[in-house]
Amino acid sequence: MNKEIHYVYLKEGLYQELVFKPKKANFMHLCGVEYQNPNTKQMMRSLQFYEALKSNKVSPEGILKKSFTDQKLQIINCLEDLTKCTVSIIDERTVYLNLSFEKAIRSRKQIFCLSLIRVHNEVYVPNSLLNLRSEKRKNINKGYTVCCIYSIDGRTMNRTILCEVEDFETSAYFDKMNT
């Protein structure tokens with residue numbers, strides 16, 4: 001998870017970038033669960049949960065649901081869409097239900113929204129996963145169309161294009177960035 005994901009989107013005729021840096025420690029919160037080891041009865045911290053999940057050492061008996069767990073788990077499989085150009089960027093402070101956030105990545109269809117908060121400079125981390133199909137839903141800004149998504153490996157600094165729309169001129173964009 002030592003990667004940054006960059007979302008290039010068009011806002012008012014200019015290309016903008018959202019830099020998203022997911023962290024292992026965010027995953028448990030995004031699922032809306034807490035986890036208690038069924039054998040030791042000790043609560044797991046977020047990073048421990050991620051590592052246990054990754055190594056297939058999580059038991060359903062240890063999962064403790066929170067108030068929004070079911071809603072979040074209904075859409076957790078949609079997170080794979082975060083690297084597809086079918087998402088859009090909400091580029092303004094937004095209040096949705098009781099949650100306030102600075103930016104968000106949302107599905108173009110009213111399915112999910114990953115709210116983000118800024119941690120430093122222009123780097124954002126996940127805040128909450130919102131189910132836009134829940135019974136409490138209300139409309140949320142459609143956001144700006146994503147033109148390109150690329151990742152940068154934190155160790156090698158290699159750039160990998162994850163998706164791009166047909167009319168986006170990737171090489172011209174990166175050439176302009178490097179000058």
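Predicted model: local features only at pLDDT ≥ 70, side-chain atom pairs only at ≥ 80, totals over all residues.
Start with helix H2, which spans residues 46–54. Its buried residues are Phe49, Tyr50 and Ala52. They cover an arc of only 165° around the axis, so they sit on the same side of H2. Part of their cover comes from helix H1, residues 27–31. Strand S3, residues 33–35, is also included in that cover. After H2 comes Asn56. Its phi is positive, near 60°.

Now step back along the chain to Lys21. This residue lies in the loop between strand S2, residues 14–20, and H1. The cut-off for buried is under 20%. Lys3 is 18 residues from Lys21 along the chain, yet their C-alpha atoms are separated by 6.5 Å.

The last stop is strand S10, residues 123–131, which contains Asn127. Asn127 has a relative accessibility of 17%. Buried means under 20%, so Asn127 counts as buried. Which residues is Asn127 in contact with, leaving aside neighbours within four places in sequence? The list includes His29. It also holds Leu99, Ser100 and Phe101. Ser115, Leu116 and Ile117 complete the set.

Notes. Residues numbered from 1 in each chain as written. Heavy atoms only, no water. Helix = DSSP H or I, 4+ residues; strand = E, 2+ residues; numbered from the N terminus. Buried < 20%, exposed > 50% of the residue type's maximum accessible area, 1.4 Å probe, protein only. Contact = heavy atoms within 4.5 Å. Arc of directions from axis to C-beta.
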